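Open the model in your viewer and keep the sequence beside it.

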Amino acid sequence: MIRRSIQDRGEAMSVRELAREVGMRSTASVAYHLANLEKRGALVRDGRSWQTCRLT
């Protein structure tokens, strides 16, 4: 989802948009998973927002 969003829009989805797309209700859960991906080095944020992330 993140890769497609970056290709189509030039930026990642917001946490709310991503939650809606994957069928989750909790944005905190999505942010938790994004933070885990960031810790593992799968994505990097260029700013404070998750929309500024890019995949590595």
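**First stop: Ser5**

Select Ser5, which is found in helix α1 (residues 2-9); helices here are DSSP runs of H or I with at least four residues, numbered from the N terminus. The model is predicted, so local features need pLDDT of at least 70 and side-chain atom pairs count only at pLDDT 80 or more, while totals for chains, interfaces and linings use all residues. Residues are numbered from 1 along each chain as its sequence is written, and side-chain values use heavy atoms, with hydrogens and water left out.

Is Ser5 buried or exposed? Ser5 counts as buried because its relative accessibility is 5%, where buried means under 20% relative accessible area, exposed over 50%, and partly exposed in between (1.4 Å probe, protein chains only). Leaving aside residues up to four places away in sequence, Ser5 touches Gly10, Glu11, Ala12 and Met13, contact meaning heavy atoms within 4.5 Å.

**Second stop: helix α2**

Next, select Val15, Leu18 and Ala19, which are buried in α2. Seen down the axis of α2, its buried residues fall within an arc of 100°, so they line one face of the helix; the arc is that of the directions from the helix axis to the C-beta atoms. These buried residues pack against α1 and α3, whereas the face turned away from them carries the exposed residues Arg16 and Arg20.

**Last stop: after α2**

Just after α2, select Gly23, which takes a positive phi of about 85°. Then move to Arg25, found in the loop between α2 (15-22) and α3 (27-40), which counts as exposed because its relative accessibility is 85%.

Notes. Helix = DSSP H or I, 4+ residues; strand = E, 2+ residues; numbered from the N terminus.
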